[in-house]
Amino acid sequence: MTRWLLLHTRARQVPASAVAVVVGVAALAALAQPDGSPQLAAFGAALGVAAVATGLGGHDLALDRTAAFGWPPRRAAHLLLGGAVVAALLLAVGLVADPIAPDAYVLRDVLGLGGLAALGAVLLGARAAWALPVGWSGVTLVVPPGDDHWLSRLLTWPVQPTGTTSATITAVVLGGAGLLAYSWLGCRR
């Protein structure tokens, strides 16, 4: 079991992803403000899940599909563990420096943007899976958050106040849809 786990983590580029997440979070920690920033939380979550997304597909998808065991639980575990590590690192910044953002922002953004990365892996493949979460968080830097129109609230859900129901629902739907689609279908070839 340990040998399989070691080979799996190496094939899925987990060490390189882990280094990228740690370096990215450390750089964001230097930018953190005393009250935190929703934009920084969205950007940090997007960078973290983008690093995890590169390992959502193996080197040989045909070989993965011929395995003698079921991949859905392993895919789900890989995605959930990666999201948990990203969230833990982003939240841990608050223990040693100014927090990146309030905890609710970080958790909601990692959930939603992680689901978006998983959907990106299903639709675009692991090499381009990072584009959806990074692109969406980039939109939040350009479009001002507002309550005036439903489209504005939908586009800026990562930076909406934590009590905004539509933002939370959007994050949960994206997270759940991404987890289910990636677990069941795997990565695009």
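A residue counts as buried when its relative accessible area is under 20%, as exposed when that area is over 50%, and as partly exposed in between (1.4 Å probe, protein chains only). By that rule, helix α5 buries Arg-75, Ala-76, His-78, Leu-79, Gly-82, Gly-83, Val-86, Ala-87, Leu-90 and Val-93. The structure is a predicted model, in which local features need pLDDT of at least 70 and side-chain atom pairs count only at pLDDT 80 or more, while totals for chains, interfaces and linings use all residues. Residues are numbered from 1 along each chain as its sequence is written, and side-chain values use heavy atoms, with hydrogens and water left out.

**Overall build**

- The chain has nine helices and zero strands, where helices (H or I, at least four residues) and strands (E, at least two) are DSSP runs numbered from the N terminus.
- Along the sequence the pattern reads α-α-α-α-α-α-α-α-α.
- The radius of gyration, taken over C-alpha atoms, is compared with a globule rule of 2.2 Å times the number of residues to the power 0.38; the chain comes to 16 Å, close to the 16 Å that the rule gives for 189 residues, so the chain is as compact as a globular protein of that length.
- Along the principal axes, the C-alpha atoms fill a box of roughly 50 × 35 × 20 Å.

**Surface and contacts**

- Buried residues make up 43% of the 189 in the chain.
- The accessible surface is about 9,800 Å², and 71% of it belongs to carbon and sulfur atoms; such areas come from the Shrake-Rupley method with a 1.4 Å probe, and for residues only the protein chains shown count as cover.
- A contact means heavy atoms within 4.5 Å, and of the contacts in the chain with a separation of 6 or more, 72% are between residues 24 or more positions apart.

- Helix α5 covers residues 72-96, and its 25 residues should span 36 Å at 1.5 Å a residue; the end C-alpha atoms are 37 Å apart, which agrees.
- The expected span is 1.5 Å times one less than the number of residues in the helix.
- Val-93 lies in this helix and is buried, with a relative accessible area of 5%.
- Beyond its neighbours within four places in sequence, Val-93 is in contact with Val-25, Ala-29, Asp-98 and Ile-100.
- Val-93 and Arg-74 are 19 residues apart in sequence and 29 Å apart in space, C-alpha to C-alpha.

**Ser-37**

- Ser-37 sits in the loop between α2 (14-31) and α3 (38-53), and is buried at 14% relative accessible area.
- Not counting residues up to four places away in sequence, Ser-37 touches Ile-100 and Ala-101.
- From Ser-37 to Val-159 is 122 residues in sequence but 8.6 Å in space, C-alpha to C-alpha.

**The aromatic pair**

- Rings of Phe, Tyr and Trp (its six-membered ring) pair if their centres lie within 6.5 Å; planes under 30 degrees apart count as stacked, over 60 as edge-to-face and the rest as tilted.
- A search of the whole structure finds one such pair.
- The rings of Trp-136 and Trp-157 have centres 6.2 Å apart and planes at 70 degrees, so the pair is edge-to-face.
- Trp-136 belongs to helix α7 (residues 131-142) and Trp-157 to the loop between α8 (150-155) and α9 (165-185), so the pair ties together parts 21 residues apart in sequence.
- Trp-136 is partly exposed at 22% relative accessibility, whereas Trp-157 is buried at 0%.
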